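In these entries I record what I looked up in the structure, one topic at a time.

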Amino acid sequence: MKISVIGTGYVGLVTGTCLAETGNEVVCVDIDAEKVQKMKDGEVPIYEPHLDVLFDRNLKAKRLNFTTSLEEGLQYGEIIFLALPTPEDEDGSADLSYVLGVADDIGKKISEYKVIVDKSTVPVGTSEKVKEVIQKNAKCDFDVVSNPEFLREGFAVDDFLKPERIVIGSSSEKAIELMKKLYKPFVRSGNPIIVMDEKSAELTKYAANSFLATKITFMNEIANYCEKVGADVDMVRRGMGTDSRIGKRFLFPGIGYGGSCFPKDVKALHKSGREVDYDFQILDAVIDVNQKQKTILLPKIQAFFNHQLKDKKFAVWGLAFKPETDDIREAPALYLIDELLKEGAEITAFDPEAMDNVARKYSDHITFSKSMYDTLDGADALIICTEWSIFRTPDFGKVKKSLSNNVIFDGRNLYDIQDVENEGISYYSIGRKDVKI
Ligand SMILES: NC(=O)C1=CN([C@@H]2O[C@H](COP(=O)(O)OP(=O)(O)OC[C@H]3O[C@@H](n4cnc5c(N)ncnc54)[C@H](O)[C@@H]3O)[C@@H](O)[C@H]2O)C=CC1
Ligand SMILES: O=C(O)[C@H]1O[C@H](OP(=O)(O)OP(=O)(O)OC[C@H]2O[C@@H](n3ccc(=O)[nH]c3=O)[C@H](O)[C@@H]2O)[C@H](O)[C@@H](O)[C@@H]1O
């Protein structure tokens, strides 16, 4: 099939590449000319495991193509995916200007039947709005489908190629059949294509993300409570997670959820509720708790250093909002670093992939190191913000020797308490017993 993808960011690039991988001919459109040129030259503009191999293969086979011309994109595909940003607006709602702006162009530029597929995360009722905007100028038939994307950064290729489910929201039999045909190669593992109305599909996406954010936040509260009463959240997590109704995943406490989606999507659903006079009280609490959780290590750091953080030097391991990505959008590490900088501390950081992105934002304030151990030179303490595999089994001898204050503050509970205690290192983590040497 001929496919166009409008917006070649994270979702657009993964969508385009994976659809080319199953034999479709794909044109990806982006307004960022520099990015388009890089992709044409064979460069993958994001760090995403395994994407480079698929990208390279399909680019060389000429099944994957890039352009800055929206007109070309809109003429090309019989199915047109919208993978455009829906960022947080000033009032917390989803900014639909990218999606509706392109919809306006679609109405003016299509001349034969097209299926317009919304892959962006959008509030309930957006597909109706998109339809209306296109309809204003359209001279041919078209259908609008809501097809939310559930991929996770770091596992995006696997999630796209072997999805647990595909949600298709549409009332058009013709569009549903085309979408089923397109997705047939991806459902070989028996996972379902779930067809529903557009509004339910749109809400499924927000409900899934908000539920997962709530699950994490609930565990963060349990962890905070564990500290007050002397329980160990690791034990509680394992005890709870074995109940199949609860499940083991997304129960890991830490310094809050971040990323380009959970924070904005929880806020957008909350705001959408307000618009119809519905108060999502649970989401109010999730937003509030998560905001505080990002700096939950700060009081522990302050107490350890008797509230004298001026000129203290901190080594920070991990900047990305989670491992296996270079994405720093809403990364908890950056919130904690901001607070430490405000108190006059100095930061030397290492992240396997995200340092370039952070350097662009914090060019004058953070020093970056070539290796995790280099950050420790002259540092008073080590702070861990992202659970990259490389941080899981460090040479504790080296860590201890380099740090002047022999203390680790761990926002991701990477180490066994007993192991760190045996090494003679003071250790503060989330929801577990502190080790005070
Ligand atoms: N990043 C993720 O892991 C996931 C994101 N989503 C949703 O997918 C949507 C897109 O997210 P990302 O891919 O992360 O966004 P992104 O910000 O990485 O990429 C968006 C791309 O669209 C381009 N663009 C903007 N206006 C354009 C226009 N008029 N014409 C052509 N290109 C244009 C930008 O230059 C950029 O390359 C959002 O609604 C997001 O919530 C859904 C699932 C996963
Ligand atoms: O809509 C989206 O963009 C995507 O948002 C999330 O994917 P992603 O943001 O890539 O990352 P997650 O793995 O979900 O992690 C999000 C945040 O939660 C945190 N987290 C996750 C799990 C956990 O147990 N504890 C925890 O603190 C992570 O550190 C991270 O900051 C969802 O998992 C995807 O299904 C969805 O498609």
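**Entry 1. Cysteine 261.** I located cysteine 261 in the loop between α10 (233–241) and α11 (262–275). I note that the model I am reading is a predicted one. I then consulted the UniProt record, an unreviewed entry, and found that it places the feature "active site" at Cys261.

Is cysteine 261 buried or exposed? I looked up its surroundings and found 24 C-beta neighbours inside 10 Å. A residue is called buried if 20 or more other C-beta atoms lie within that distance, so cysteine 261 counts as buried.

Which residues does cysteine 261 contact, once its neighbours within four places in sequence are left aside? I found Thr121 and Asn209.

**Entry 2. Ligand 1.** I next looked up the surroundings of ligand 1 and found that 26 residues surround it.

I asked which helices supply at least two residues each to the shell around ligand 1. I noted α1 (10–21) and α5 (97–109). Sorting the shell by class, I recorded 13 nonpolar, 9 polar and 4 charged residues.

**Entry 3. The chain as a whole.** I turned to the secondary structure and noted 17 helices and 14 strands in the chain. I then compared the radius of gyration, 24 Å, with the 22 Å that the globule rule gives for 437 residues; the two are close, so the chain is as compact as a globular protein of that length. For its extent, I recorded that the C-alpha trace spans about 75 × 50 × 40 Å along the principal axes.

How much of the chain is buried? I found that buried residues make up 45% of the 437 residues. I also looked up the contacts between residues at least 6 apart in sequence, and 70% of these join residues at least 24 apart.

**Entry 4. Domains.** I consulted the domain assignment, which gives domain 1 (2–194), domain 2 (205–293) and domain 3 (298–428). I recorded 38 Å between the C-alpha centres of domain 1 and domain 3. The contact between these two takes 5 residues from domain 1 and 7 residues from domain 3. On the side of domain 1 that touches domain 3, I noted 3 nonpolar residues, 1 polar and 1 charged.

Terms used
Residues numbered from 1 in each chain as written. Chains lettered and ligands numbered in written order. Predicted model: local features only at pLDDT ≥ 70, side-chain atom pairs only at ≥ 80, totals over all residues. Helix = DSSP H or I, 4+ residues; strand = E, 2+ residues; numbered from the N terminus. Rg over C-alpha atoms; globule rule 2.2 N^0.38 Å. Buried ≥ 20, exposed ≤ 12 C-beta atoms within 10 Å, placed from the backbone. Near = placed C-beta within 6 Å. Nonpolar A, V, L, I, M, F, W, Y, C, P; charged D, E, K, R; others polar. UniProt positions renumbered as here; feature names shortened; annotations may be inferred. Domains from an automatic or database assignment.
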